Amino acid sequence: MSREKVLKTKMRHSFGDNMLAVVCYIIFALCALICIYPFYYIFINTISANDLSARGVILFWPKGLHFKNYLSALRIDGLFQAAKISVLRTIIGTVGTVGASAFLGFMFTQDNMWHRKLWYRLVVATMYFNAGIIPWYLTMRNLHLTNNFWGYIFPAVVSPFYIILTKTFVESVPKELQEAAQIDGAGIMKIFFKVMLPVIKPIMATVAIFSAVNQWNSFQDTLLLVTDTKLYPLQFILYQYLNQASSLAGLANTNNSASMAAAVATSQTPTSVRMTVTIIVVIPIILVYPIFQRYFVKGIMIGAVKG
């Protein structure tokens with residue numbers, strides 16, 4: 001019997017299978033490298049000599065290692081205020097979107113909801129029909145959401161895509177859970193908070209990742225709605241920096257007047273400003289993924305398959 005098992009094992013792991021596995025690993029490693037390299041490239045340019053970085057000679061390894069770019073970038077006016085706005089809009093917007101998506105996704109599965117199918121179709125229809133930027137802006141202005149922090153939050157609370165994801169996930173949960181709670185006398189709200197919320201955590205984590213990334217990376221709404229510099233988020237600051245890197249490089253050098261005699265290698269250049277601010281803006285949201293990764297995969301797999 002043991003000999004037969006050995007033969008079966010050899011058949012399962014033939015030379016061709018091993019070669020195919022090696023090729024797959026190489027391809028996946030190359031794909032991962034292609035995805036990681038742009039972030040690595042930007043980072044090594046932020047900690048390399050700025051004159052070399054400006055000439056584009058830093059490709060694989062840092063040269064002239066220093067961290068003055070980050071100290072200079074942190075001295076630029078408005079950066080910490082923008083970081084506070086980005087963090088607040090990300091946290092509040094994500095909580096609001098996750099809560100609304102979870103509740104509406106749950107309610108759209110309840111047969112006793114008044115005109116459930118009609119409301120669901122109206123919500124889904126907004127994915128395909130859009131009035132355009134001008135009507136949207138006029139609506140936001142009439143609601144007094146221009147130059148208002150809540151203009152970042154309210155438009156993103158109800159998202160049809162997230163509601164569809166949550167609804168599909170809820171439909172995969174056995175109906176017996178709700179029926180048992182109803183027999184015990186629980187109402188709709190108690191079923192949602194006591195029964196459903198603990199069960200649908202994976203899809204809520206998935207929606208949280210999507211929503212947090214969208215909120216953190218968004219700057220178009222700032223461009224259209226906000227003129228108050230105190231409400232600028234980090235991404236809009238980055239957008240401005242990319243357009244005004246030359247003047248900002250001079251500003252950063254002026255702020256470091258005590259080190260005017262420093263080497264040219266550490267003086268700010270447009271390239272160093274662009275790349276340093278890019279890293280400062282991107283790193284926080286990248287750190288979110290490892291925390292929610294296992295919930296993200298589970299939520300997508302279960303929420304995407306029904307039956």
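## Salt bridges, pocket and surface patch

The structure holds three salt bridges, each a side-chain nitrogen of Lys or Arg within 4 Å of a carboxyl oxygen of Asp or Glu. This is a predicted model: local features need pLDDT of at least 70, side-chain atom pairs count only at pLDDT 80 or more, and totals for chains, interfaces and linings use all residues. Residues are numbered from 1 along each chain as its sequence is written, and side-chain values use heavy atoms, with hydrogens and water left out.

### Salt bridges

Side chains of opposite charge can pair when their charged atoms come close. The pairs are listed here.

| D221 | R89 | 2.8 Å |

Take D221 and R89, whose side chains meet in a salt bridge. D221 lies in helix α13 and R89 in helix α5, so the pair ties together parts that are 132 residues apart in sequence. Helices here are DSSP runs (H or I, at least four residues), numbered from the N terminus. D221 is buried at 12% relative accessible area. R89 is buried too, at 2%. The classes are buried under 20% relative accessible area, exposed over 50%, and partly exposed in between (1.4 Å probe, protein chains only).

D111 has a relative accessible area of 65%, so it is exposed. R116 is buried, at 19%.

K167 and E171 both lie in helix α9. They are four residues apart, about one turn of the helix. K167 is buried at 11% relative accessible area. E171 counts as partly exposed, at 29%.

### Largest pocket

Rolling a probe the size of a water molecule over the atoms shows where empty space is left. The largest pocket has a volume of about 1000 Å³. Its lining has 31 residues, and N130, W136, P155, A156 and V158 are the closest to the pocket centre. A pocket is an open set of points on a 1 Å grid over the protein atoms alone where a 1.4 Å probe fits, with protein on both sides within 12 Å along at least five of seven lines; lining residues have an atom within 4 Å of a point.

Which elements give two or more residues to the lining of the largest pocket? They are α5, α7 (133–142), α8 (154–157), α9 (160–172), α12 (201–217) and α13 (220–225). The largest share, five residues, comes from α7. By class, the lining has 17 nonpolar, twelve polar and two charged residues.

### Nonpolar patch

V87, L88, I91, I92, V95, W150 and F154 form a nonpolar patch on the surface. Together they have about 630 Å² of accessible area. Patch residues have over 30% relative accessible area and no salt bridge, with nonpolar side chains joined within 5 Å. Helix α5 (residues 79–107) gives the most to the patch, with five residues. V87 lies in helix α5. With 38% relative accessibility, V87 counts as partly exposed.

### P233

Where is P233 found? P233 sits in the loop between α13 and α14 (234–243). At 1% relative accessibility, P233 counts as buried.

Note on methods:
Patch = residues over 30% accessible without salt bridge, like charges linked within 9 Å, V, L, I, M, F, W, Y side chains within 5 Å. Areas by Shrake-Rupley, 256 points an atom, 1.4 Å probe, with all protein chains shown as cover. Points joined across faces, edges and corners; volume = space filled by probe spheres on them. Nonpolar A, V, L, I, M, F, W, Y, C, P; charged D, E, K, R; others polar.
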